[in-house]
Amino acid sequence: MRFYLCLFLFLPSLNNLFSQDKFTISGYVTDLDNGEEMIGATVRVKNTTEGAVTNIYGFYSLTLAKGEYDIVYSFIGYSDIEKRVVLDQNQQISVEISNSSQTLQEVEITAERGNTNVESVSMSSVEMNIETIKKIPALMGEVDVIRAIQLLPGVQSSGEGSTGFFVRGGGADQNLVLLDEATVFNSSHLLGFFSVFNQDAIKDAKLYKGGIPAKYGGRLSSVLDVRMKEGNSKRFSVSGGIGLISSRLTIEAPIVKDKSSFIISGRRTYADLFLNLSKNEDLKNSALYFYDLNGKFNYKLSDKDRLFVSGYFGRDILNIADAFKLGWGNTTITTRWNHLFSEKLFSNVSLIYSNYNYELGIPDGIQAFAWNSDIINYSIKNDYTLYANTSNTIRFGFQSTFLDFNPATFEPLDGNENFNSLQLPKKFALESGIYLSNEQKIGSRFTIDYGMRLSIFQNIGIDTVYQYDENYDLREDEPFKTYGKGEFYNTYMGLEPRLGMKYTLDEFSSVKMSYNRMFQYLHLANNSTGGTPLDVWFPSSSNIKPRIADQVALGYFRNFNSNTLETSAEVYYKEVTNAIDFKDNAQLIFNSKLEGEVRIGSARAYGLELFARKQQGKFTGWISYTLSRTLRTIDEINDGKEYVANFDRPHNLSIVLAYDINPQWSLGFTWVYNTGLPLTAPTGKFTYQGQVVPVYSERNGARIPDYHRSDFSVTLDPKKNEGRRFKSSWNLSVYNMYARKNPFSITFEEDDDNPGQTQAIRTYLFSIIPTVTYNFKF
């Protein structure tokens, strides 16, 4: 509290210092067609280097000396708006910009500012709007945010058809995935084939791989910040799509025009409906589907206050007659209040709820049981942005999250007398963070973004903590300690410095550098790289220290062809302290002594990322290449020798192309190549007491075959006419166009035809998959 009190006492003098003969232009940039706030729109003073960028709520603030200015508002794919401003007092100027396809007159179209790639201090990050993502060929017709970011440099896919991803050598649990600020612990549907993000409800997604802003914390490797649409504040609108395995429907409308609106978006697969056509009774009584429901409401309370309430509800169901039942899903609710203290000070307060849970069991019979597990978050978050002047933008705030872990609850059902009820002890923790940063321009060429985050993690009772010796055996003198309800019994604190620097070489090129330290207090027990829902999250404790990552990156950024072609080359190096892995043959599920299965060491990752992207014109897309290594060293694994991580893929190449032939026809194409994933393979065997015992290679000493695949799509807008309210399109997507049989997994079994010989069995998921989707909007 003293920190905020001193800061607010200091603000009046700060404002006086910066306000001498200077005035501020502030306001919002929105979409003319639907009233959506434009994230990252550029507001610049024509023929100067002065400018600002709108925040995630579309707000901007620009302080200039008294005078007359031409202010240009721009955003990728939208027509520029230029306003003449006589600045002799503070002014509020909000503008609406129109999509370039809706504007008949000849206008200048820019990609953001055109040279934002060069001028921004940010590096190791990529922002993608949903319209760009929709141009990518889709698996089974489902446009997917996560499948799109897997095509970016530094991002590795976890396998065929999976939406799991790994960033710069980090595991899946090291990615902070946010939906309207709420944590999404498992972003997969259908065992990883689809993600939870419905294309009709999503506005924007931004991935941070390095140079992570100080307002983010809690994960080592990346932040994927996904924002939902606000809802059309201009008119009633319905959109949707009908595909071979799923359909979508979205309704959005104003409650009070230009003041309040809502959006409701639903999606469901219906592959299970075809099971009813089967003659097999077990298949008829089975179910396999998922559903999503997104909702959002916003209300403009005044010129200085706005209220947002959003939620996501999703579930997967997999039932095999009466033999097996599996279900999992996420629930998130976010309530946000924006407030303008002045034209320079923007505030947002968020209350956030997030719940990931799964259940499995056998519904009937003498072995019937139900098993449930979940993790629940309750958060409060308060962020401030102070637009001190055109050279300094100060950001500060705090977040506090209460975490409720339920590892497993086991209940025998009626008729089952073989088992008793079991409950693994629940665990509780409080994770908090406070941060302060400043983005400062020094002269016309140099910008520095520096900040600090203080993170605090506290374990809370009721709890029983087992104590282990140096051999990971329970201590004989004191095997465990118990703590009472509400007792704070273990605390970790960490300072997390953040630094970013940019030096402009000329109008079209710059060099950048970044450093960040991240602490992660949550860990995931899952030895699969696929999309299994059986995730067991557990907190740091007196036995498991928080993981710490230090990453440094250096990049060269260059634009060509009048800023229409963006290119970059980045190198990075990351070291992780207290890296965790699990011992061989570890028991991860339903284990009250899970911490005894953990082994602790260090990890490092390094790489080169090349990226070229074109966002304007009929021909758009990008090419990305990553050369990287991810290595771990843990004393008790692989005889203490360094070994490659499960998700190490040295070579990763992605080509994404889109071409608008004419207003009616457009094409999409992707080609992906990855080095095969590592695996531990048997290299020999011996016989002991009549049993054949395999001898394995070093940890991850072999690899599955390399992965490559090509996808293609064609879209037809048969009645594309801007004067029509009803619009529709047909999309044909072909996944794995040349039917490459990429191994999903490899297992080793004894050859029945040659006893004593071991053979590798490859499992393939997909050959070629064509899909047709009908999309509509009115």
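# Close-up views of a predicted model

**Figure 1. Salt bridge between Glu570 and Arg168.** In this predicted model, Glu570 and Arg168 are paired in a salt bridge whose closest N and O atoms lie 3.1 Å apart. Glu570 belongs to strand 39 (residues 565–582), whereas Arg168 sits in the loop between strand 13 (165–167) and strand 14, so the pair ties together parts that are 402 residues apart in sequence. Both partners can be judged against the cut-off for burial, which is a relative accessible area under 20%. Glu570 has a relative accessible area of 6% and is therefore buried, and Arg168, at 1% relative accessibility, counts as buried too. The structure as a whole holds 43 salt bridges.

**Figure 2. Salt bridge between Lys296 and Glu230.** The closest N and O atoms of Lys296 and Glu230 are 3.0 Å apart, and the two residues form a salt bridge. This pair links distant parts of the chain, with Lys296 in strand 23 (residues 287–300) and Glu230 in the loop between strand 19 (222–228) and strand 20 (237–242), 66 residues apart. Lys296 counts as buried because its relative accessibility is 4%, and Glu230 is buried as well, with a relative accessible area of 6%. Both residues also belong to a network of salt bridges, whose members are Glu36, Asp180, Glu181, Lys203, Glu230, Lys296, Arg336, Lys381 and Asp383.

**Figure 3. Surroundings of Glu181, a member of the salt-bridge network.** Glu181, which is linked into the network of salt bridges together with residues including Arg336, Lys381 and Asp383, is placed in the loop between strand 14 (175–179) and strand 15 (182–183). Its relative accessibility is 7%, so Glu181 counts as buried. Two polar contacts of the Glu181 side chain can be followed here: one, of 2.7 Å, reaches the side chain of Ser350, and another, of 2.8 Å, joins Glu181 to the side chain of Lys381. When neighbours within four places in sequence are left aside, the residues in contact with Glu181 are Tyr57, Arg227, Thr334, Arg336, Asn348, Ser350, Ile352, Lys381 and Asp383.

**Figure 4. Interface of domain 1 and domain 2.** The domain assignment divides the protein chain into domain 1 (15–119), domain 2 (125–224) and domain 3 (225–777). Five residues of domain 1 are in contact with five residues of domain 2, and the area buried between these two domains is about 440 Å², with carbon and sulfur atoms giving 43% of it. One salt bridge is found across this interface, and two residue pairs are in polar contact across it, both at pLDDT 80 or more. On the side of domain 1 that touches domain 2, there are three nonpolar, no polar and two charged residues. Also to be followed in this view are the side chains of Lys203 and Glu36, which meet in a salt bridge at 3.3 Å, N to O; Lys203 and Glu36 are both part of the network of salt bridges.

**Figure 5. Val656 and its contacts.** Val656 is located in strand 43 (residues 651–660) and, with a relative accessible area of 5%, is buried. Although Val656 and Ile136 are 520 residues apart in sequence, their C-alpha atoms are 7.3 Å apart in space. Apart from neighbours within four places in sequence, Val656 is in contact with Ile136, Leu151, Thr620, Gly621, Trp622, Phe669 and Thr670.

**Figure 6. Asn355 within strand 26.** Strand 26 (residues 345–362) contains Asn355, which counts as buried because its relative accessibility is 12%. The side chains of Asn355 and Tyr353 make a polar contact of 3.1 Å. Not counting residues up to four places away in sequence, Asn355 touches Gly329, Asn330, Thr331, Asp374, Ile375 and Ile376.

**Figure 7. Salt bridge between Glu478 and Arg475.** The closest N and O atoms of Glu478 and Arg475 are 4.0 Å apart, and the two residues form a salt bridge. Glu478 has a relative accessibility of 31% and therefore counts as partly exposed, and Arg475, at 27% relative accessibility, likewise counts as partly exposed.

Technical notes:
Residues numbered from 1 in each chain as written. Predicted model: local features only at pLDDT ≥ 70, side-chain atom pairs only at ≥ 80, totals over all residues. Heavy atoms only, no water. Domains from an automatic or database assignment. Contact = heavy atoms within 4.5 Å. Buried area = accessible area lost by both parts, 1.4 Å probe. Polar contact = N/O pair within 3.5 Å; in protein donor to acceptor, adjacent residues only side chain to side chain. Nonpolar A, V, L, I, M, F, W, Y, C, P; charged D, E, K, R; others polar. Helix = DSSP H or I, 4+ residues; strand = E, 2+ residues; numbered from the N terminus. Buried < 20%, exposed > 50% of the residue type's maximum accessible area, 1.4 Å probe, protein only.
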